[in-house]
Amino acid sequence: MKTTCYKINELFETIQGEGSFTGQPSIFIRLQGCPVACSWCDTKHTWAINLDDQISTSNMLNKTQESDHWSELSVDDILQVIIQEGYQAKHIVITGGEPAMVDLTPLCLGLEEQGYSCQIETSGTFEILTSKKCWVTVSPKVNMKGGYKILSSAMHRANEIKHPIATEQHVDDLKALLDEHQIVDTQVYLQPISQKKRATELAIRTCIENDWRLSVQVHKYLGIE
Ligand code: SF4
């Protein structure tokens, strides 16, 4: 049987700065590839998958700046890297790019077998294929240039919905989405885009009005990855 491999832009240990797991020591696996094209995306270097950009695992781990280079690793390779690098965290965040472009089930199951908990962060525009236990954070990207629609299956699989906002329109888009997919009980986090003062004030006000929670990207305030 063919071993499943994943195209990885970055693999590092840090503190989760967003949503329910804020403050949790975590190993981040950033997958390469995303066609959603959000104008304010802060990981545009993960968008393209160019075969010429494949590099070795050690070069990927030793990157000193953001780049669109990626390395291809199997689940066993990933577990080996975690041990070699001496990472201590037991929570793994699979992000991107858009990680749901690929089947994440083998990755989640392989990591869970070794005692790790898994979380994915996805735009909700692809069918989500993970283990049952995997925590799914859907950050719905509405009306982006890539033209992808938010899938109802993704909205209903979400353990939390984390929505980036800067304007009232973004809040209205989220409310319309929750109505359209009849989402009532899932915890909602609002995340001000780019730590802007106006966006933060809007997010605080809207969270109070709707009994939602604020997610402020703690890692950006701390100046860590
Ligand atoms: S879905 Fe995420 S990675 Fe893709 S463009 Fe939007 S913010 Fe960037």
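**Salt bridges in the predicted model**

Lys162 and Glu18 meet through their side chains in a salt bridge, at 2.5 Å from N to O; the term denotes a side-chain nitrogen of Lys or Arg within 4 Å of a carboxyl oxygen of Asp or Glu. This pair links distant parts of the chain, with Lys162 in strand E7 (residues 160-165) and Glu18 in the loop between E1 and E2, 144 residues apart. Strands (E, at least two residues) are DSSP runs, numbered from the N terminus. Both Lys162 and Glu18 are buried, that is, under 20% relative accessible area with a 1.4 Å probe and protein chains only.

As to the source, this is a predicted model in which local features need pLDDT of at least 70 and side-chain atom pairs count only at pLDDT 80 or more, while totals for chains, interfaces and linings use all residues. Residues are numbered from 1 along each chain as its sequence is written, and side-chain values use heavy atoms, with hydrogens and water left out.

Which residue forms a further salt bridge with Lys162? The partner is Glu121, with the closest N and O atoms 3.7 Å apart. Here strand E7 holds Lys162 and strand E5 (residues 117-122) holds Glu121, 41 residues away in the chain. Glu121 and Lys162 are both buried. Through shared partners, salt bridges join Glu18, Glu121 and Lys162 into one network.

The structure holds six salt bridges. Another of them pairs Arg30 with Glu10, the closest N and O atoms being 2.7 Å apart. Arg30 lies in strand E2 (residues 25-31) and Glu10 in strand E1 (residues 5-15), so placed that the pair links distant parts of the chain, 20 residues apart. Both of these residues, Arg30 and Glu10, are buried.

Terms used: Helices (H or I, at least four residues) and strands (E, at least two) are DSSP runs, numbered from the N terminus. Buried means under 20% relative accessible area, exposed over 50%, partly exposed in between (1.4 Å probe, protein chains only).
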